[in-house]
Amino acid sequence: MAILLFEYVTGGGMAAEPLPAGLVAEAECMLTALRRELAAERVLLLRDARLPLTRCGTHETIIPVASEAEFAAAWVRALDEADEVWLLAPETDGILADLSRRVQAAGKVLLGSRPEAVRLCGDKYAAFRRLQGQAIACVQTWYHEEVDAGLQPPWVVKPADGVGCEGVRLVTRKDDLGPELVQPYLQGENLSLSAVFAAGKGVCLSVNRQRIEIEAGFFHLRGCEVNVLPVSEWQDPVVRIAAAVPGLWGYAGIDVIVTADGPVVVEINPRLTLSYAGLQEALGAAVAPKILALARGQTDVDDIARWRRRLGRGRSVEVRA
């Protein structure tokens, strides 16, 4: 079995433009962790030729990409050769949803959420409406023209399809509201949940504390502390989200703010998140083999939940963005 492991930023998806150092660093954190966990597998890896081309594992084949044209050809060739495909790409502009659709159209096994679920989660307003409709506590979200006149500043303004903290800013004057989505600025602890989904079921693997800072009005994720709280109290929201978005599959992250009135969901990230970089060390066991076994029909979510309970509390691990 050959696995195409494609990370968009480092894999040639940005071959026609400069590579932002911050995005590369975050992508390398997640990709390195996943490459180590898949070292025993036959892996095909597209790699921007401006980055180091060091192999990880004896079964890894690196395909350098030096231009936009080379990327298009390399993607088609690698997809044709692969049996399974693991995508690490942003939801922005429908990139992850489109790649997921192309993988399925090629008849390959997609090791990630289904395109319709990716598209839903990538549209933060649609995701809010879906969660709200299922009575799942989530951050109130409006288009700027819908904002209640009585809602007092400050507000959080964010793109409808951004990824992470990309373009997220704090606004205190109504004149500074733009065409983006608007949310109330909530005081509380920023957490994320690392979870595995399939067939409308989900299991929480770890609860992580996010380190988010605001500089010059913009939000920045500086890192996270993985596995800081027991997962037992967070299983219920994962189960409810799995039922609300049944196309979630494999690993996904859920951002949460714990307010004085209780936890509220901020967004669902249908892909690897920064927390994954510390997950194996925190749990003392690798997650990727479980995802492969899930795809190959050798396990299911209930079995992964029992595996997680057997691992116990584990320890906390710091990851820097």
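Predicted model: local features only at pLDDT ≥ 70, side-chain atom pairs only at ≥ 80, totals over all residues.
Colleague: Which residue of β12 stands opposite Ile212, and which residue in the turn between β11 and β12 has a positive phi?

Modeller: Within this antiparallel pair, Ile212 faces Leu221 of β12. The two strands form a hairpin with 2 residues between them. The turn residue whose phi is positive, at about 50 degrees, is Ala216.

Colleague: How many bridges pair β10 with β11, and which residue is the bridge partner of Ser194?

Modeller: β10 and β11 pair in the antiparallel sense, over 8 bridges. They form a hairpin with 2 residues between them, and Ala199 in that turn has a positive phi of about 55 degrees. The partner of Ser194 in β11 is Ser206.

Colleague: Which elements does the buried side of helix α9 pack against?

Modeller: Helix α9 covers residues 301-311, and its buried residues are Val301, Ile304, Ala305, Trp307 and Arg308. Seen down the helix axis, these residues fall within an arc of 160 degrees, so they line one face of α9. The elements against which they pack are β10, β11, β12, α7 and α8.

Colleague: Which exposed residues does the opposite face of α9 carry?

Modeller: Arg308 belongs to the buried residues of α9. The face turned away from the buried side, by contrast, carries exposed residues. They are Arg309 and Arg310.

Colleague: Which residue caps the N-terminal end of α9, and which residue follows the helix?

Modeller: The N-terminal end is capped by Asp300, which has a side-chain oxygen 3.3 Å from the backbone nitrogen of Asp302. After α9 comes a residue with a positive phi, near 80 degrees. That residue is Gly312.

Colleague: Is Gln183 buried or exposed, and which side chain does its own side chain join in a polar contact?

Modeller: Gln183 lies in strand β9, residues 181-184. Its relative accessible area is 6%, and the cut-off for a buried residue is under 20%, so Gln183 is buried. Leaving aside neighbours within four places in sequence, its contacts include Trp142, Trp155 and Val156. The polar contact, at 3.1 Å, is with the side chain of Lys158.

Colleague: How far apart in space are Glu318 and Glu225, C-alpha to C-alpha?

Modeller: Glu318 is in strand β15, residues 317-320, and counts as partly exposed at 47% relative accessibility. Not counting residues up to four places away in sequence, Glu318 touches Arg211, Cys224 and Glu225. Glu318 and Glu225 are 93 residues apart in sequence, while their C-alpha separation is 4.5 Å.

Technical notes. Residues numbered from 1 in each chain as written. Heavy atoms only, no water. Buried < 20%, exposed > 50% of the residue type's maximum accessible area, 1.4 Å probe, protein only. Helix = DSSP H or I, 4+ residues; strand = E, 2+ residues; numbered from the N terminus. Arc of directions from axis to C-beta. Contact = heavy atoms within 4.5 Å. Polar contact = N/O pair within 3.5 Å; in protein donor to acceptor, adjacent residues only side chain to side chain. Pairing = 2+ DSSP bridges.
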